[in-house]
Amino acid sequence: MSESVISSSAPTISGSFGWNLEHSYARLPAMLFEHLDPTPVKEPRMVVFNYALATELGLNGAALAQQPGVFAGNELPTGAKPLAQAYAGHQYGNFTGLGDGRAILLGEQVTPTGQRLDVQLKGSGPTPFSRRGDGRAALGPMLREFIISEAMHALGIPTTRSLAVVTTGEKIWRQEMQPGAVLTRIAASHIRVGTFEWAAAHGDREALQALVEYTLQRHYPERVGAETPGLALLEAAIERQAALIAQWQCVGFIHGVMNTDNMALSGETIDYGPCAFMDAFDPATVFSSIDRHGRYAYGNQPQIAQWNLARLAEALLPLLHADEKQAISAANAAIESFKPQFENRWLSGVRAKLGLFTEEDGDRALVESLLTWMKEQKADFTNTFRALNRTKTPAQNDAAFTAWHAQWQDRLSRQPQSQEEVQQRMQAHNPAVIPRNHKVEEALEAAVKKQDLSVMQRLLTALGKPYDFSDSQSEYTTPSSGHAPGAYQTFCGT
Ligand code: AMP
Ligand code: MG
């Protein structure tokens with residue numbers, strides 16, 4: 001592709017950085033995006049760079065880590081064709097037009113293994129979708145997204161990734177003055193439930209259809225050519241979300257702001273705002289300071305996912321059947337399948353956590369009685385599961401737990417697998433290290449207030465191997481002590 005077609009005034013960076021950018025999204029109907037450049041910043045400085053991810057992308061990490069301007073939007077990578085994506089969304093149940101108000105897609109990096117991955121700058125300046133926002137992001141929240149998304153990846157949960165965070169040399173106002181920053185986010189795509197809602201709300205059937213075809217090709221190629229593409233996409237999205245939310249539930253991840261614009265069609269976890277991992281087990285756990293009614297509480301996540309998918313189904317309705325009644329009935333059947341799919345995924349997940357290979361009818365009750373005990377005891381979710389693997393006989397002087405433990409041992413004895421196999425399975429499904437709230441805050445505090453990145457680097461190292469356990473990781477396994485349950489709050493002012 002020649003440089004002259006790049007609709008950009010920013011200088012481009014060439015050389016052997018490994019950029020291999022394509023722009024399939026930009027061939028979709030124009031109502032789905034706006035071309036524009038990122039707004040340059042005063043003084044870009046690299047804060048954290050993900051060398052391993054750069055390598056996976058086919059990028060020359062060593063060279064690019066020395067180019068903070070590229071990750072700030074001051075210079076464009078070779079072949080970039082920046083755009084902001086349009087989308088709508090239901091936020092806390094209310095429908096609004098949104099769009100990338102502070103993010104810009106540089107293009108799709110086609111990796112050495114042939115994957116097509118979005119390269120997006122977040123915090124890159126105002127766009128036509130900024131509404132009253134400044135288009136910028138603060139350092140703390142961008143580092144937080146870096147830490148948690150990379151932790152999720154190490155846990156084996158589908159997620160967007162983080163390539164780099166740079167500071168901008170500019171201050172931005174977020175309740176107080178904060179250093180500005182730009183995050184480079186890598187994603188299977190940034191197509192959201194809200195992207196379909198945008199096309200549907202504009203009554204643009206052509207755009208909707210093109211988006212369906214595009215999303216099938218990009219994320220569900222095995223379903224391309226289906227008789228009813230809209231239905232095929234809906235069913236595929238339901239399947240992936242059921243699997244994803246089950247994985248969240250199994251590690252105690254709380255997304256915090258499951259608006260429809262924050263649900264990706266790829267099935268990746270996206271938009272790390274006020275998210276956090278639960279310490280003490282309680283389905284009512286909420287961290288987000290603005291989620292006053294607990295809409296996005298841990299225990300509500302499956303229902304909310306289904307609610308969001310119903311909004312997707314509504315958007316797709318015109319493509320499901322010429323007859324509206326039949327379209328609605330197809331949509332309903334698909335949406336109703338979410339719950340059993342989620343339940344199955346969840347049950348497989350918790351079976352693995354308990355070292356179970358076989359299936360018995362009583363398994364759900366077995367798990368639920370452990371969870372009930374954990375809730376009553378305010379037991380730490382992560383550490384309780386992890387400890388099960390180490391204790392042959394419960395040290396707990398607790399009749400309810402002892403009874404449960406005996407039941408569980410009984411259940412284990414009814415499967416053919418050896419104790420060693422059971423232990424391996426449990427170790428592989430019960431992380432020792434999760435991003436504990438107080439450790440994340442400690443790392444952010446050191447980075448933002450003292451320019452000390454060593455605390456975050458050590459945290460990232462520990463989070464990189466969550467299922468291993470070595471003594472060096474032990475400081476990361478302590479629940480947030482001194483914090484009453486529910487006292488930890490994450491803020492949406494990102
Ligand atoms: P989020 O809560 O991060 O999912 O964002 C919801 C919407 O608000 C999206 O359309 C964002 O692009 C937009 N937004 C968030 N922060 C800003 C900001 N600082 N400037 C402009 N738009 C923003
Ligand atoms: Mg969002």
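Q: How far does a backbone N or O atom of Gly101 lie from an oxygen atom of ligand 1?
A: 2.7 Å, in this predicted model. That is a polar contact (a pair of N or O atoms within 3.5 Å).

Q: What are the ground rules on numbering and confidence?
A: Residues count from 1 along each chain as its sequence is written, while chains are lettered from A and ligands numbered from 1 in the order written. Local features need pLDDT of at least 70, side-chain atom pairs count only at pLDDT 80 or more, totals for chains, interfaces and linings use all residues, and side-chain values use heavy atoms, leaving out hydrogens and water.

Q: Back to the ligand. How many residues surround ligand 1?
A: 17, each with a heavy atom within 4 Å. The closest are Gly99, Gly101, Arg131, Asp134 and Gly135.

Q: What about Gly99 and Asn262?
A: A backbone N or O atom of Gly99 lies 2.6 Å from a ligand 1 oxygen. For Asn262, a polar side-chain atom lies 3.1 Å from an oxygen of ligand 1.

Q: New topic. Do strands 7 and 8 pair in the parallel or antiparallel sense?
A: Antiparallel, over four bridges. Strand 7 is residues 88–91 and strand 8 is 94–97. Strands are DSSP E runs of at least two residues, helices H or I runs of at least four, numbered from the N terminus. Pairing takes at least two DSSP bridges.

Q: Which residue stands opposite Gly89 in strand 8?
A: Thr96.

Q: What is in the turn?
A: Two residues separate the strands of this hairpin, and Tyr92 in the turn has a positive phi of about 45°.

Notes:
A polar contact is a pair of N or O atoms within 3.5 Å; within protein, one must be able to donate a hydrogen and the other to accept it, and residues adjacent in sequence count only if both atoms are side-chain atoms.
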